Amino acid sequence: MQNPNYLAVTDAQNSYTLPANSLTDRVVLISGATGGIGTTLSKACATAGATVVLAGRKLKKLEKLYDVLDGMGPAQPAMVVLEQDKAGPAEYVEIADMLQKEFGRIDALVHASADLGTPTHQISIEQAEWARVMNVNLTSARLLSLYCLPLLSQSTLGSLTFMLDYKPTAYWGAYGVSKQALQGFMHMLADEYDTQLDEQGLHPLLAINGYDPGPMRTQLRRNSFPGELEAETEPPDQRMGPLLSLMMRTDRSLTGAALAFDAQS
């Protein structure tokens with residue numbers, strides 16, 4: 001099912017790749033960095049020269065990805081352990097303070113964290129699972145965004161991007177509800193900030209958008225559809241174009257938009 005509120009993706013956005021050195025001296029914070037699309041995005045940004053700040057729940061996974069990224073580009077990566085299932089405002093304040101001291105700004109923040117929970121009837125979901133999924137998929141994205149807004153505002157090309165997934169139908173449980181709410185939060189936040197313009201007064205100071213990459217060959221997808229063959233879905237690196245285009249703000253005026261990968265382009 002296609003979300004009627006999705007904006008049509010251009011051929012250029014669908015096929016966009018990062019030019020060499022295009023992220024030199026840029027700081028990119030990725031939550032859920034060790035997931036399928038988070039890992040792919042981290043590698044792409046590091047190769048393009050960014051200082052990639054990896055945020056995730058598991059230290060060992062972060063360390064493994066850190067080792068992979070170290071040496072891929074000229075900048076040394078950083079990592080932050082963030083237990084999104086239970087972290088409160090104090091943890092997000094601490095992260096924002098650390099980023100301010102270390103880097104002074106963030107140029108891009110991408111929310112790629114996701115907890116599938118149990119795809120089942122709403123009446124069957126235990127409250128503990130509901131709270132965990134909402135914390136990871138929605139509350140964490142809200143808190144990290146709000147505490148990092150001052151850092152993003154220090155960038156001349158700031159972008160805040162939410163990974164979306166349109167699942168309003170039966171049996172998608174807490175995950176489906178959280179993703180609906182996440183898109184609503186994205187639109188509201190973008191609407192609240194779209195009057196803050198850059199120094200020239202021509203474009204939004206901060207671009208706040210969302211992207212739905214569609215079905216991909218990731219662990220979350222395998223957990224959702226265990227009987228699906230690998231060949232039935234594309235790997236995340238084939239779905240990166242619109243996300244990278246939003247990060248790089250190829251359309252400087254674009255904010256408050258929800259894009260979806262167009263397999264027909």
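In the predicted model, helices α5 and α6 cross with a right-handed sense. Their axes lie 8 Å apart and pack at an angle of about 15°, with α6 formed by residues 173-193. Because angles under 35 degrees count as roughly parallel, α5 and α6 are therefore roughly parallel to each other. The contact between these helices involves, on the side of α5, residues including W130, V133, M134, N137, L138 and A141, and these meet a set in α6 among which are A174, Y175, V177, S178, A181 and L182. Further along the list of contacting residues, R142, S145, L146 and L149 belong to α5, whereas F185, L189 and Y193 belong to α6.

Helix α5, which comprises residues 127-152, is also among the elements that cover the buried residues of α4, together with strands β1 (27-31), β2 (51-56) and β3 (78-81). The buried residues of α4 in question are Y92, I95, A96 and L99. They cover an arc of only 95° around the axis, which places them on the same side of α4. This arrangement can be read against the geometry of the α-helix, in which there are 3.6 residues a turn, so that residues three or four places apart point the same way. On the face of α4 turned away from its buried side, the residues A90, E94 and K101 are exposed.

The length of α4 was also examined. Just after α4, G104 adopts a positive phi of about 80°.

Terms used: Residues numbered from 1 in each chain as written. Predicted model: local features only at pLDDT ≥ 70, side-chain atom pairs only at ≥ 80, totals over all residues. Heavy atoms only, no water. Buried < 20%, exposed > 50% of the residue type's maximum accessible area, 1.4 Å probe, protein only. Helix = DSSP H or I, 4+ residues; strand = E, 2+ residues; numbered from the N terminus. Arc of directions from axis to C-beta. Contact = heavy atoms within 4.5 Å. Axes fitted to C-alpha atoms, helices over the stretch in contact; angles between N-to-C directions. Parallel < 35°, antiparallel > 145°, perpendicular 65-115°, else oblique. Left-handed = near helix turned anticlockwise from the far one by under 90°.
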